[in-house]
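Please look through the model shown here with the following points in mind.

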Amino acid sequence: MYNTKILGTGSAFPEQELSNHELEKVVDTSDEWIRERTGILTRRKVSEGEENSDLGAAASKKALEMAGLSAEDVGLILYCTNTPDKILPATACIMQPKIGAKNAVAFDLNAACAGWVLGLSVADQFIRTGAYKNILVIGAEALSRFINWNDRNTCVLFGDGAGATVISRAEKNEESRIYSTKMLSDGNYESILDIRFGGSRFPVTEERLGQPGQYIAMNGREVFKFAVRALVDRCCEVLKESDYMVDDITWFVPHQANIRIIEAINKKLEIPMEKTFLNVHKYGNTSAATCPTVFDEAVREGRVQRGDLVLFATFGGGLTSAASLIRF
Ligand code: ACO
């Protein structure tokens with residue numbers, strides 16, 4: 001059995017920016033309301049012709065460069081997204097030639113916003129057993145393509161972006177590893193956060209075109225309650241299994257959905273905000289991309305050092321929640 005480490009990180013965002021003030025012109029909202037309720041000031045949005053897989057490819061190239069690897073060294077591409085380029089084939093396959101990872105098998109993982117942490121755990125299993133040595137785990141979204149711009153309950157929350165990580169086998173003398181990941185889904189909450197149309201239950205028909213069902217719909221209050229409860233539980237579970245205390249954590253990397261959710265979790269777990277990475281104010285909720293992008297920023301700023309104990313925690317549609325404790 002081998003240990004797993006994060007060898008490289010990268011992120012990419014579209015250039016087009018959409019500030020709260022610009023949204024004030026689109027729906028009945030205000031910069032003040034959005035900032036106070038969510039902590040979001042602005043977000044990025046893909047332009048015409050720009051694809052989710054373009055963002056994923058750009059982030060992956062940066063992660064591979066940091067790892068000192070070529071794309072041909074990658075054995076597996078795990079593309080975590082709930083806004084794929086197409087229903088078929090996997091966005092992982094669409095991205096593969098964009099980076100030239102010709103020796104890899106590529107598939108998607110859809111666990112909504114929780115995707116990247118679940119992807120990290122899947123990659124960990126393949127590394128531990130020796131099946132693969134280098135795996136690209138990408139969390140990437142083009143959520144703006146699934147937004148109802150008439151719905152102020154959702155359109156102010158989301159943004160586009162991609163984070164990529166090279167997950168590799170750790171050498172025997174290295175302390176880097178993934179200690180534990182805990183994940184849980186509750187499909188009874190299927191419909192409190194969903195995109196109803198476009199799948200095989202409600203395929204797109206002429207009659208359905210233009211109806212709200214083709215966009216993201218959410219019961220925000222219910223998601224909020226679930227998120228706080230579930231994340232606190234998952235974090236406690238990984239700490240218990242790994243035999244660490246909250247005080248041992250060097251950095252906390254929570255899903256960047258909403259600053260109030262993060263503050264509520266930190267308060268319950270007694271994690272100081274100074275130990276918590278944030279980018280929700282700049283990019284909004286980029287779903288599966290939040291954890292890998294905010295972590296990449298911290299790595300590139302030199303805040304995270306090798307040997308640091310890092311706790312990732314996330315939740316998303318499903319509803320699914322997950323936490324992972326790693327030694328960087
Ligand atoms: N601008 C102005 N007013 C708004 C807006 C807006 N953009 N959106 C909603 N409102 C109104 C509502 O219509 C409501 O008005 P009413 O009382 O007249 O009906 C009022 O504001 C209050 O609505 P609440 O739902 O009570 O507001 P709340 O304080 O709960 O904040 C929010 C809403 C931000 C969505 C919050 O519930 C939340 O953050 N929930 C978590 C959802 C989340 O983070 N989802 C994304 C994560 S999901 C994922 O990552 C997979």
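**Notes on the predicted model**

1. Apart from neighbours within four places in sequence, Phe-146 contacts Thr-83, Ile-195, Gln-214, Tyr-215 and Ile-216. The structure is a predicted model. Phe-146 sits in the loop that lies between β6 and α6. Its relative accessibility is 24%, so Phe-146 counts as partly exposed. Phe-146 and Tyr-132 are 14 residues apart along the chain, and their C-alpha atoms are separated by 34 Å.

2. Ala-92 belongs to helix α4, residues 91-99. Is Ala-92 buried or exposed? Its relative accessibility is 0%, so Ala-92 counts as buried. Not counting residues up to four places away in sequence, Ala-92 touches Ile-77, Tyr-79, Ala-106, Phe-107 and Asp-108. Ala-92 and Gly-198 are 106 residues apart in sequence, while their C-alpha atoms are 19 Å apart in space.

3. Asp-124 is placed in helix α5. With a relative accessible area of 4%, Asp-124 is buried. Leaving aside neighbours within four places in sequence, Asp-124 is in contact with Thr-4 and Ile-178.

4. The domain assignment divides the protein into domain 1 (4-169) and domain 2 (177-327). The C-alpha centres of domain 1 and domain 2 are 14 Å apart. In domain 1, 51 residues are in contact with 45 residues of domain 2. The size of an interface is often given as the accessible area lost when the parts come together. Between domain 1 and domain 2 the buried area is about 3900 Å², and carbon and sulfur atoms give 66% of it. Phe-13, Cys-113 and Val-117 supply 15% of the area that domain 1 buries against domain 2, more than any other three residues.

5. How many salt bridges does the rule find across the interface of domain 1 and domain 2? The number is zero. Polar contacts between domain 1 and domain 2 number 21 residue pairs, with both residues at pLDDT 80 or more. Several elements each supply at least two residues of the side of domain 1 that touches domain 2, including β1 (3-12), α3 (52-67) and β7 (161-170). Helix α5 gives the most to this side of domain 1, with seven residues.

6. In the whole structure, the search finds 14 salt bridges. One of the salt bridges joins Lys-182 to Glu-241, with 3.0 Å between the closest N and O atoms. Lys-182 is in strand β8 (177-185) and Glu-241 in helix α7 (220-242), so this pair ties together parts that are 59 residues apart in sequence. Glu-222 also forms a salt bridge, with Lys-225, and the closest N and O atoms are 3.0 Å apart. Both Glu-222 and Lys-225 lie in helix α7, three residues apart, which is about one turn of the helix.

7. Lys-282 and Glu-297 meet through their side chains in a salt bridge of 2.9 Å, N to O. Lys-282 is in helix α9 and Glu-297 in helix α10, so the pair ties together parts that are 15 residues apart in sequence. Lys-282 is partly exposed at 30% relative accessible area, whereas Glu-297 counts as buried at 15%.

8. Strands β11 and β12 run parallel and are joined by four bridges. The bridge partner of Trp-251 in β12 is Val-310.

Conventions. Residues are numbered from 1 along each chain as its sequence is written. This is a predicted model: local features need pLDDT of at least 70, side-chain atom pairs count only at pLDDT 80 or more; totals for chains, interfaces and linings use all residues. Side-chain values use heavy atoms; hydrogens and water are left out. Two strands pair if DSSP finds at least two bridges between them. Domain bounds come from an automatic or database domain assignment. Contact means heavy atoms within 4.5 Å. Buried area is the accessible area (1.4 Å probe) that two parts lose on being put together, summed over both. A salt bridge is a side-chain nitrogen of Lys or Arg within 4 Å of a carboxyl oxygen of Asp or Glu. A polar contact is a pair of N or O atoms within 3.5 Å; within protein, one must be able to donate a hydrogen and the other to accept it, and residues adjacent in sequence count only if both atoms are side-chain atoms. Buried means under 20% relative accessible area, exposed over 50%, partly exposed in between (1.4 Å probe, protein chains only).
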